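I opened this structure to look up a few places in turn. My notes follow in the order of the look-ups.

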Amino acid sequence: MSATASFPVPGPHGPKDVTVSYARVGRGEPLVLLHGIGHHRQAWDPVVDILATERDVITVDLPGFGASPGLPDGFAYDLPTTNSVLGALFEALELDRPHIAGNSLGGLLALELGREKLVRSVTTLSPAGFWTEAERRYAFTVLLTMRAVARRLPLPVVERLSHSAAGRAALTSTIYGRPARRAPEAVVAETLALVGATGFDATLRAGRSVRFTDELAGLPVTVGWGTRDRILVRRQGVRAKQLIPHARLVRLPGCGHCPMNDDPALVARVILDGSR
């Protein structure tokens with residue numbers, strides 16, 4: 001069920017209230033799911049029902065994305081601020097060190113929460129932060145181009161394209177390995193989410209100098225990477241394994257940068273196995 005939570009978060013000029021939109025379903029140990037930049041919590045819809053048979057699943061719209069308003073004035077869209085927001089959200093929802101899974105930006109945030117000991121396990125799908133500088137520039141250029149194209153397309157054109165497999169591929173092949181499988185209404189909704197993401201530019205700027213280098217000793221970590229990832233190329237998964245030696249590195253055949261829709265059963269199994 002969709003809901004919102006408002007809670008105080010420390011800021012440069014004192015605490016201010018932050019509001020986050022989320023949905024919660026299922027039973028079992030809590031599992032929080034975090035989407036990537038420009039996306040929204042509905043990115044997880046293909047796997048939520050599977051996960052909810054064994055987990056209390058909370059999908060979150062990050063501040064400035066999806067249905068969540070942007071951060072208060074003066075708040076940065078950087079990792080320390082987002083860590084504080086998500087930690088405060090956990091307290092507001094009475095989540096005691098939940099399991100966490102994230103995709104892309106959400107994967108980096110999941111790792112950061114693991115570094116802060118705020119979660120009990122981390123599963124990441126194509127997480128940001130394991131790039132070289134050239135790979136980061138390439139990824140950011142692709143993301144900026146995707147948003148620029150989405151902003152130029154009139155809604156009737158997006159709707160018309162979404163009703164054919166070729167049109168869905170034109171709109172989403174950058175992030176999906178099997179774009180024809182994405183439902184037309186989901187393609188329209190995520191295109192609108194990309195256009196309306198008020199936190200997009202500030203988040204991208206804050207990511208220019210970001211790299212993840214912590215070993216996360218003592219914490220279960222799973223890293224999944226799609227073989228058709230066109231944004232964060234899969235050799236970054238090998239780099240992640242080198243930096244986090246105890247992590248379980250899982251190959252996701254045929255999956256793109258957002259693998260949840262490409263192979264829901266496989267991705268759900270990876271997340272459930274990683275959150276034992």
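Is Trp-131 buried or exposed? I find Trp-131 buried, at a relative accessible area of 7%. Buried means under 20% relative accessible area, exposed means over 50%, and partly exposed is in between, with a 1.4 Å probe and protein chains only.

A note on the source: this is a predicted model, where local features need pLDDT of at least 70, side-chain atom pairs count only at pLDDT 80 or more, and totals for chains, interfaces and linings use all residues. Residues are numbered from 1 along each chain as its sequence is written, and side-chain values use heavy atoms, with hydrogens and water left out.

**Entry: aromatic rings**

I searched the whole structure for aromatic pairs and got two. One of them joins Trp-131 and Phe-140: the ring centres are 5.6 Å apart and the planes stand at 85°, so I log the pair as edge-to-face. The rule takes rings of Phe, Tyr and Trp (its six-membered ring) with centres within 6.5 Å; planes under 30 degrees apart are stacked, over 60 edge-to-face, and the rest tilted. Phe-140 is buried too, at 9% relative accessibility. Next I checked what lies over the face of Phe-140. Arg-136 does, at 4.7 Å from the ring centre. For a charge to sit over a ring, NZ of Lys or CZ of Arg must be within 6 Å of the ring centre and within 35 degrees of the ring normal.

**Entry: strand E5**

Helices (H or I, at least four residues) and strands (E, at least two) are DSSP runs, numbered from the N terminus. I looked at how much of E5 is covered. Five of its five residues are buried. His-99, Ala-101 and Asn-103 lie on one side, with Ile-100 and Gly-102 on the other. In a regular strand the side chains alternate between the two faces of the sheet.

Which strands pair with E5? E3 does, in the parallel sense over four bridges. E6 also pairs with E5 in the parallel sense, over five bridges. Two strands pair if DSSP finds at least two bridges between them. His-99 has Leu-31 opposite and also stands opposite Ser-121 in E6.

**Entry: helix H3**

I followed the chain on from E5. E5, H3 and E6 form a right-handed β-α-β unit. Right-handed means that, with the strands pointing away from the viewer, the path from the first strand over the helix to the second runs clockwise.

**Entry: positive phi**

Most residues other than glycine have a negative phi, and most peptide bonds are trans. I noted some positive cases. Glu-94 has phi near 60°. Glu-94 is in the loop between H2 and E5 and is exposed, at 74% relative accessibility. Ser-104 also has phi near 60°. Ser-104 lies in the loop between E5 and H3, but is buried, with a relative accessible area of 10%. Just after H3, Lys-117 takes a positive phi of about 65°.

**Entry: His-257**

Which residue's side chain joins that of His-257 in a polar contact of 2.8 Å? The partner is Ser-104. A polar contact is a pair of N or O atoms within 3.5 Å; within protein, one must be able to donate a hydrogen and the other to accept it, and residues adjacent in sequence count only if both atoms are side-chain atoms. I place His-257 in the loop between E8 and H10. His-257 is buried, at a relative accessible area of 3%. Beyond four places in sequence, the contacts of His-257 include Asn-103, Ser-126, Thr-174 and Asp-229. Contact means heavy atoms within 4.5 Å.

**Entry: strands E7 and E8**

E7 and E8 run parallel and are joined by five bridges. Trp-225 stands opposite Arg-251 in E8. With helix H9, these strands make a right-handed β-α-β unit.

**Entry: Val-267**

Val-267 is buried, at 0% relative accessible area. Leaving out residues up to four places away in sequence, Val-267 touches Val-47, Leu-125, Pro-259 and Met-260.
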